Amino acid sequence: LDDNILGLGAQTAYYFFFSLFPIFLFLAPMLALVGDKRETFNFLLEKLHGAVPEEAFALVRNVVESVVFAENAPGLLSVGAVLALWAGSNVFNTRIDALNQAYDVEKDERPWWKKRIIAILCLVGIGASFVAASVVMIAGGDIVNAVADWLRIGVVGRIVWTVTQYAISLGILVGTAWAVYYFLPCVNQRKAHALVGAIATTVIWLAATMAFRVYVQNFGNYNATYGTIGGVIVLLTWMYLSMVILLTGGELASELHKGTGAVRTRAGHLYNG
């Protein structure tokens with residue numbers, strides 16, 4: 001509350017909302033390098049459908065269909081892709097300021113262009129990891145089936161691959177959060193502190209996302225309250241919860257960095273001076 005995480009969560013959710021579709025435009029040509037982008041996007045949307053509420057998913061799917069798959073969608077080496085990259089990096093640029101506040105950084109000594117480059121590199125790196133994970137998940141099943149049949153361990157191999165898919169997904173989430181905590185704030189910290197914050201963020205975000213999905217499906221009727229923009233409200237609410245959780249994980253990492261993570265008072269230690 002002292003660092004205004006609730007307010008910063010709303011601010012970053014706003015930028016996240018406006019950066020989401022430029023990010024899709026940037027990722028689409030990258031996905032086209034490794035296969036059919038429609039097939040890959042449909043696979044990713046299918047995975048997203050399992051977590052995001054139905055109204056929010058319908059909104060994202062409609063935009064992907066009308067913008068990302070349009071005939072005039074930008075290619076990989078085009079001005080449109082560069083503009084999408086710049087717009088998509090805004091969400092990370094905003095998180096830099098938010099995490100600096102969480103880490104009590106009074107003044108970020110880095111010039112604006114360096115912060116923008118860091119934001120762009122985060123977007124490119126995270127996008128590349130999602131592309132690699134998509135390739136593994138889409139083609140991995142066929143590879144595992146072929147190897148399992150060759151080694152005659154069909155059932156066991158398929159079970160192992162199913163578990164591996166979930167491990168890859170969790171690894172991407174934890175790795176993304178770790179990169180955000182470690183590279184974005186202007187502070188030198190231990191990798192382990194950022195990792196603890198990333199793991200806590202991933203666990204809390206998964207629980208909160210599933211709980212919010214259950215609430216929307218069974219209790220909350222956003223369409224009755226907001227009409228045709230109910231899907232937008234659901235998506236914004238989910239983004240707000242996600243950003244608050246992400247910044248809260250940053251607060252945890254910052255407290256570990258400051259050395260205030262003790263669970264027992266040290267003898268002779270003074271509070272408030």
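Author: **Around helix α10**

In α8, the residues H193, A194, V196, G197, A200, T201, I204, W205, A208, T209, F212 and V216 meet V234, T237, W238, L241, S242, I245, L246, G249, L252, A253, L256 and H257 of α10; contact here means heavy atoms within 4.5 Å. Helices are DSSP runs of H or I with at least four residues, strands are runs of E with at least two, and both are numbered from the N terminus.

Before going on, a word on the source: this is a predicted model, where local features need pLDDT of at least 70 and side-chain atom pairs count only at pLDDT 80 or more, while totals for chains, interfaces and linings use all residues. Residues are numbered from 1 along each chain as its sequence is written, and side-chain values use heavy atoms, leaving out hydrogens and water.

(Ala, Val, Leu, Ile, Met, Phe, Trp, Tyr, Cys and Pro count as nonpolar, Asp, Glu, Lys and Arg as charged, and the others, Gly among them, as polar.) The axes of α8 (residues 191-218) and α10 come within 8 Å and cross at roughly 155°; axes are lines fitted to C-alpha atoms, for helices over the stretch in contact, with angles from 0 to 180 degrees between N-to-C directions. The two helices are therefore roughly antiparallel, as angles over 145 degrees count that way, under 35 as roughly parallel, 65 to 115 as roughly perpendicular and the rest as oblique.

Now for α5 (residues 90-102): its axis and that of α10 (residues 230-258) come within 9 Å and cross at roughly 40°, which means α5 is oblique to α10. On the α5 side, R95, A98, L99 and A102 make the contact, and on the α10 side M243, L246, L247, G250, E251, S254 and K258 do. By class, that gives six nonpolar, two polar and three charged residues.

Zooming out, the chain has 10 helices and zero strands. Of its 273 residues, 42% count as buried, meaning under 20% relative accessible area with a 1.4 Å probe and protein chains only. The largest nonpolar core has 54 residues, and F92, Y181, L184 and M239 touch the most other members; such a core is a set of buried Ala, Val, Leu, Ile, Met, Phe, Trp, Tyr and Cys residues joined through side-chain atoms within 4.5 Å. Helices α5, α8 and α10 are among those supplying at least two residues each, while α1 gives the most, with 12.

Key:
Buried < 20%, exposed > 50% of the residue type's maximum accessible area, 1.4 Å probe, protein only.
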